[in-house]
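Have the sequence and the structure ready.

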Amino acid sequence: TKKEETPDGGATALTAAQVKVALVPGGAHPYFQPWKDAGGKAKTDFAFGDVTFNETAGWDQTKQNDVLTSLAAQGYNAFGIFGVAPESINSTFENLKKQGFHVGSLASCPAGDKNLADFCLSTDVQEAAYKAARAAVDAMGGAGNLVHLTGNKVDSNTQRRIAGVQKAVDETGGKVKLLDTITDIDKDLQTAQKAVADLLAAKGSQVNAIVTTAYNPAVAAAGGVKQAKLPIKVIAIDDDPTIIAGIKAGEVAATVLQNPVGQAYVGSYALVKLSEGCTMATPGVIIDSGSFVVTTANVATYDNDRAAKTDSLKSDFDSKYLTCAK
Amino acid sequence: MKQEETTPEQRPPARLPLWANPRIGLVVLLIALIALFTTLRPAFLNTQLTLVPMQADISVYAVVGLSQLAVLSLGHMNMAVGRMAAMSAFASGLLHDRLDAPLLVALAGGLAVGALLGALAGLVISRTGVNSFVVTLALDFALIGLVSLLYATFTDGVAFNGLPAGMSALRTDTFADYCAGDVCGPEIPLLAPIALIAVLGVGLLFRWSRVGREVLMTGANAKAAELSGIPVRWRVVQAHALSGLLAGLAGFLLSANNGSFSAGVGDGFLLPSFLAPVLGGTLLVGGAVSVLGTVLGTAITQVIYKGLNLLQFQVDELKLYIGLVLLAALSLDRLRHVLAERRGVPA
Amino acid sequence: MLLAEGLTKSFPGVRALDGATLRLAAGSVHALLGENGAGKSTLVKILTGVYRPDAGRVVLDGRDVHFGGPLEALHAGIGVVHQERNLVPEFSIAENIALQHLPNRLGMVDRNRMRAEARRCLGLLDLDLDPDTRVAELSVAQAQLVEIAKALSVDTRVLLLDEPTASLTGDEADRLYAIVRKLTATGHAVVLVSHKLEEVFAVADTVTVLRDGRSVAEAQPLAGYTRDEIVDLMVGRAYASVELTARTVDRTATPALELAGLSTRHGHRDVSLTVARGEILGLYGLVGAGRTELAKALLGLDEITGGEVRVHGAPVRIRDVGQALRRHRIGYVPEDRKGEGLFLEQPITRNVGVTVWRRLARFGLIPDRAERDVVAEYTRLLGIRAASPAQLAGQLSGGNQQKVSLAKWLAASCDILIVDEPTVGIDVRTKAAFHELIARLAGQGMAILLISSDLPEIVTLADRIAVMGDAAVRGELANDRDYDAVSQRVIRLIHAAPVPA
Amino acid sequence: MTSTVEKTTRAATAPAAPPSRLRRTVRTSEFTLATLAVIGFVALTLTTDGNMLSAGTLAAFFRFLAVPMIIGLAQMVVLAIGQMNLSVGVLTGFCAMVAAWAMLEAGLPAPLAVLAALLLGAAVGLGNGLLVVFTRINAFIVTLATMTIIDGLRYGVNGPGTYQDYSAGLEELGQASLLGLPVVFLIACAVAAMVWFFFARTVPGRHLLASGGSPFAARLSGVSNDRSIVLAHALSGLLAGVAAVLTLAQSGSVNATIGDDLLLPSFAAPIIGGVALAGGVVSVLGTSLAAFIVRLVDVAQAQFAINRRWVDLIVGAVVLGVVLSGAIRAKLSRRSS
Ligand SMILES: Nc1ncnc2c1ncn2[C@@H]1O[C@H](COP(=O)(O)OP(=O)(O)OP(=O)(O)O)[C@@H](O)[C@H]1O
Ligand SMILES: Nc1ncnc2c1ncn2[C@@H]1O[C@H](COP(=O)(O)OP(=O)(O)OP(=O)(O)O)[C@@H](O)[C@H]1O
Ligand SMILES: [Mg+2]
Ligand SMILES: [Mg+2]
């Protein structure tokens, strides 16, 4: 047997109506819920064929790959994907591209320096963690002890978050001390609650602020600090109703928002454009979808900033990232 | 002392009716499921998007199932299959990353690590007589910690970047990509023959080889095995080592399939590892295994999974239906068994 | 009072009962006899609601009864001691005895009443055991007695005893039969299943004989039969007790197996025995004398702390059974055939073949045909009755199971064979066949160490008899095959004052 | 705590013969565990300069001990008949979610919702038991399948969202203390005592153990093994329901991830506690003490900021160690007797 060169899957241009976009998160998580509506809105606005939202991947790369090929077999031909495993998601992208599909890496970029998707539209997690830690430093008045709660340590995004927090702490020149970084407590709420309770019991009196960069720890920290009645500032993540309620009630000092709506909406837009024959000016470009610090001061208005960012992202795609022969 | 008589009351066992053969039952179920899903979603027969990835998945999980089967033969369990796979994948990755080992060397190193871990578990079990469930569960706990500590120490993230040459071909290529003249191979991923070798090897082991049979006898009655001159402890170690080895192979195949040696390899191995052999008719009590059944069991679970995916169920419904279909399949098999028993044929 | 008529019961591949009938009168001891696998235990199990018959009816006091489970039979007044041990090891004696009707108040166990009840039942058997002892700590014989006490704990009108004395000493058996007589005197009916015909003739009034699942004698007065007539009925043809051919043993040659001053961790002291080629050494002793443990220590399963083992004159250290087999050609047929001798859930082929795989294997693989030939040879040689070689060992009757357990050692062509209680629970004909076989093996030059608690068996077979008590050899005597004289000397050895340690 | 410790210790040693009662007590695995627990606790108190004994730390310690204890017992009940229940964890989460839903969206008052959670747990457990009995499929496999199903249902209640502020009363109960000990923990102790009583003293409990220890003997004594199996699974489900209620009370917020980390600990506690996987032996005290020890490791981790991965490694090593020491002890005692 000898090998025969396979021609690269040269994608043929489609009309908007032929484009069927699939938005695939890594699994069920509150963060992705806005994708559903944003995808729907994009479909109406940009008049493309169809959009679906499928969160059945269950945080398992093998299952996600399975879901993706199933969707492809169902006729979906453009994919916005949150890769379960950033370290191996490039292979998945490569597979899909080989079939001639367009792929956007949404809300998370592959690990390493290479991105084999057409583009990556994601929160710069290191930047977001940095902002969150900054907010924490501000909330505790520039000096004191900080604790960082986050998710799966065996995940490159977690490593970036840890780096972001460290950077903010380093910038205080020793005035703020990072007391502890607790990882692996995002898998379920109870573990997070237990970890927070134990933390507060052990060092509650020393801690001045807690910065969380994962969902369950954020919920647990807000609740735990409230129950323990300690003067600790909690910096949460995202805008799940429970957290926004916490901000309004003053239990949460600040939260750092990402831009899931923008990711899904603009991501879908770009995918449609690519399918219609546009190309990326820089294939694999990494685009920050923005992160926003919300405190009691702007809790009523933060969504406007975010909408503005989404608009600017879209026009950036038109002007900078895409080259369309028209 | 010539006594050739068999009493007339003892009827020779009736010939096995087709439906009473458990393997045939599984094949029928498999065909029925495929027919069902194809009717509902014709895309089920799409070569590139359904059949080829499904074959790759079946290859990986059949080996996972065999890994569990290796110790089920003893009536033991290996709760650490996933983590043994992860350790093995780490070893392969490290070999390639640090020593620039080629594909086969990396694979061999990984398999060796898997086999050693399995042997360790087997050694503890056979020396102390503690239940295998407990020992491997504890080992799993210990390895969860170890795997990520190792990745944290030896990589800057959670995976080795870079694969040995040829490994991505295992993921992307099928035999159809290789042609001799005008004749190209079938649309079968390159992973499949590796799994097939494992299947044949394990089948041969348990059916014809002395060691395999002695493992089975140990599973059937350890006391009697010892009193029949079988080196029981050594067989326990060997079976667990085989389990570790196959876990390592599964880890390698999954790494090839996913495209990296990472700490997450093997996370989802535990449940499928039990499902496939059990669906295939291997008992949890030891003494009997079905290798072919395990492959069929894997195929059935993957078909169910793929089919339900194509039907685009949401998370909750998907899980619900998988559970229900499994229960139904198991109950059907059970029903077949009962019917066979009633007719007086051993099944 | 109890009539079971036309009972039929099939198991996969086997018809255990085929229209058997049992008629029971109040106030009598009724013997239920038959060869291994004749269906006695199955009949007992049907009468006590464990199995449901495929056909036939059970009539109790003129009314048809159908037992859905053991408890219903018990409530109908039928108590039983099954052939297999059926106690919960982790429970106390008291609780085991009371398990079928735990005395309770509002769903809570009344432990005092339970204990008192247990003491009463143990008292019936003159047993001095603490009711709070866990059953797991009891010896086989004690557990058997507890099981009998359990059956006596309920006031049943019909008591079924399935080989109750298999692991009891004569003394204990006598006590049991005294109670049996007391019971029958008060109008109870007792069914006794036993292979010990001496006992049966001493105790029973009437007899039913089963053969191949059919009753060939129904509720006949036992007095009308001689022992030989009963055996003929069981066997189905005229049965002549075997005359074993005389053997001569060359005592000048190096003994095949020699224990010199052996002590073990288990507590054996200074045990010295020799077995020559072609010789049968009978090792007699009461249950618990430590003979099984001696054999196991010999095979490397227990630690030897002193002394020496010599095989064909050469001192050896045996680490495990495999080594004993391969290097020294020693085989061991264990006493507990279900637990240690057989793989119940495996086919006969595997059970017999297990010791010869190493020899048959080519490149580590075993050709099916070679294995089949070996197995066929030995099933034929031993007359193992099975539907097919693929039948599971667990589905065979006791005697055939024992044959399978022996067959694997013959297949492995051993020089030295240790046989532990080979004929417990085995019927007369099979037993005779076994005796013939063992004698023949010795005649062919095999050295045989025969461990048995059955004195007639030892006297029939052994060339010399060693008597063991309290883990030490009490004495050795030549066997001149004169039962009365030999047994007297053996009993005297047993009751001699133990050697001070 | 002390009251249950005493009671169960006495129970464990009561049947011992008078002359060697002390020696037997010392040899039980419960005694080893109790010693280990005390040593661990004292060591932690010393190394944290007494922080361990501060009210806050103690409260947190015991509050989060309640659920592991109960979930260990939920597994133990099934282990008693020689089976396993893989669905305990997800069932706890499912019951918690349904109860929260009942309070927030169906407007049920808290006591009714609590009752609903308990009933739901028992009903699902009953379903497991019936499936095992009627299909005769290994319980490991049956509960594997039902685990998948319940996992789906658990997610179905509220998707990925979190329920909060469902009942002020329940949350107050979760924070309340009595005699310096959290009420949730006291409830767990009371439940443990009931489980002990069930196995030690009641007829169904003894029957269940007989079925586990020796099914055939139990059957011949008129004990229905099927009933024992169904009862054990139902009880296991009920205890999962109790764990759900305790979770609701102590945590104040629940979502579909509740229960994910309970499966392995549910095995760890009874196994370390000396419960035989083969069935027939239970140890309520051992299971509770094992949960206590695992909790000590948790707290030590927080106190000394140990990497969680080390904790897994340590727990694994501890389980192996306990198991090995048990095997060695058994060997030694066999040798000495
Ligand atoms: N559970 C079972 N499954 C299959 N076959 C069985 C079962 N129980 C008994 N048999 C078969 O039924 C037949 C009768 O067995 P049974 O135990 O009644 O004999 P028995 O007369 O009690 O023999 P023994 O004297 O050896 O105890 C035997 O051939 C046996 O192999
Ligand atoms: N009544 C008893 N109390 C305590 N230990 C006992 C008792 N009976 C037996 N044992 C122990 O169990 C061991 C094994 O007993 P077992 O009956 O197997 O001995 P054995 O001489 O081999 O008997 P057998 O005559 O059945 O071959 C004994 O050596 C003894 O240590
Ligand atoms: Mg019998
Ligand atoms: Mg013996």
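Predicted model: local features only at pLDDT ≥ 70, side-chain atom pairs only at ≥ 80, totals over all residues.

Residues are numbered from 1 along each chain as its sequence is written, chains are lettered from A and ligands numbered from 1 in the order in which they are written, and side-chain values use heavy atoms, leaving out hydrogens and water.

**Exercise 1.** Find the protein donors of the magnesium ion (ligand 3).

Solution. Step one: look for donors, meaning N, O and S atoms within 2.8 Å of the metal (3.2 Å for Na, K and Ca); water is not among the atoms, so sites may look incomplete. Step three: Ser41(C) sits in helix α1 (residues 40-47) of chain C and Gln83(C) in the loop between β6 (78-81) and α3 (93-98), 42 residues apart. Helices (H or I, at least four residues) and strands (E, at least two) are DSSP runs, numbered from the N terminus.

**Exercise 2.** Find which polar atoms lie 2.8 Å and 2.6 Å from oxygen atoms of ligand 1.

Solution. Step one: for Lys40(C), a polar side-chain atom is 2.8 Å from a ligand 1 oxygen. Step two: for Ser41(C), a polar side-chain atom is 2.6 Å from one.

**Exercise 3.** Sort the shell around ligand 1 by class.

Solution. Step one: count Ala, Val, Leu, Ile, Met, Phe, Trp, Tyr, Cys and Pro as nonpolar, Asp, Glu, Lys and Arg as charged, and the others, Gly among them, as polar. Step two: the shell has six nonpolar, ten polar and three charged residues. Step three: α1(C) gives the largest share, three residues.

Key:
Polar contact = N/O pair within 3.5 Å; in protein donor to acceptor, adjacent residues only side chain to side chain.
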